[in-house]
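Biologist: Can you take me through this one? I have the sequence and the fold up on screen.

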Amino acid sequence: MSIPTPSEAVQRIVQVFEQLRSDRLDTLAQIYAAQATFADPFTRVQGLAAITGQFAHMYARLHAPRFAVREAVAQGDVVWLTWEFHFAWRAGGAAHCIDGASRLQLDAQGRIASHRDYWDACAFYATLPLLGAVVRAFRRAAGP
């Protein structure tokens, strides 16, 4: 197996994220190292099985979730992605979009060893059917 160049690794990572579906979670093994870590505002897990479980949970809870990568910047073994996360709470429900960024640390084989997501958890809460109204009212009261 040849080691991908940084740009090849980044292209492969972006492609997997943008084409990810509930029936294609096995493709995560192409981009994550076996003992990779993943963290976001709600969770921190380690290992490919746990990371795959996080994505499986997302697909089980949300309707048609998908990522659209808007920018990828690599320097050495660190990659930053900016992205949009599109989803609905249920089929036929309102479509939502949350902007975010990911910092990826790649290993020597070009696989993700560490993945940290940054996004506005309040924006996510604002999409919730009941709590969302309270969050949106609070944001309006807090100002621009």
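Biologist: Which helix does Ala56 lie in?
Modeller: Ala56 lies in helix H2, with helices (H or I, at least four residues) taken as DSSP runs and numbered from the N terminus. This is a predicted model, where local features need pLDDT of at least 70, side-chain atom pairs count only at pLDDT 80 or more, and totals for chains, interfaces and linings use all residues. Residues are numbered from 1 along each chain as its sequence is written, and side-chain values use heavy atoms, with hydrogens and water left out.

Biologist: Why does Ala56 count as partly exposed?
Modeller: Because its relative accessibility is 34%; partly exposed lies between buried, under 20% relative accessible area, and exposed, over 50% (1.4 Å probe, protein chains only).

Biologist: And what separates the C-alpha atoms of Ala56 and Arg24?
Modeller: 10.0 Å, with the two residues 32 apart along the chain.

Biologist: Change of topic. Where does Arg116 lie?
Modeller: Arg116 is over the face of Tyr118, 4.8 Å from the ring centre. The rule asks for NZ of Lys or CZ of Arg within 6 Å of the ring centre and within 35 degrees of the ring normal.

Biologist: How many aromatic pairs?
Modeller: The count is 11, where rings of Phe, Tyr and Trp (its six-membered ring) pair if their centres lie within 6.5 Å.

Biologist: Which residues form the aromatic cluster?
Modeller: One cluster is formed by Phe17, Tyr32, Phe38, Phe55, Phe67, Trp83, Phe85, Phe87 and Trp89.

Technical notes. Helices (H or I, at least four residues) and strands (E, at least two) are DSSP runs, numbered from the N terminus. Rings of Phe, Tyr and Trp (its six-membered ring) pair if their centres lie within 6.5 Å; planes under 30 degrees apart count as stacked, over 60 as edge-to-face and the rest as tilted.
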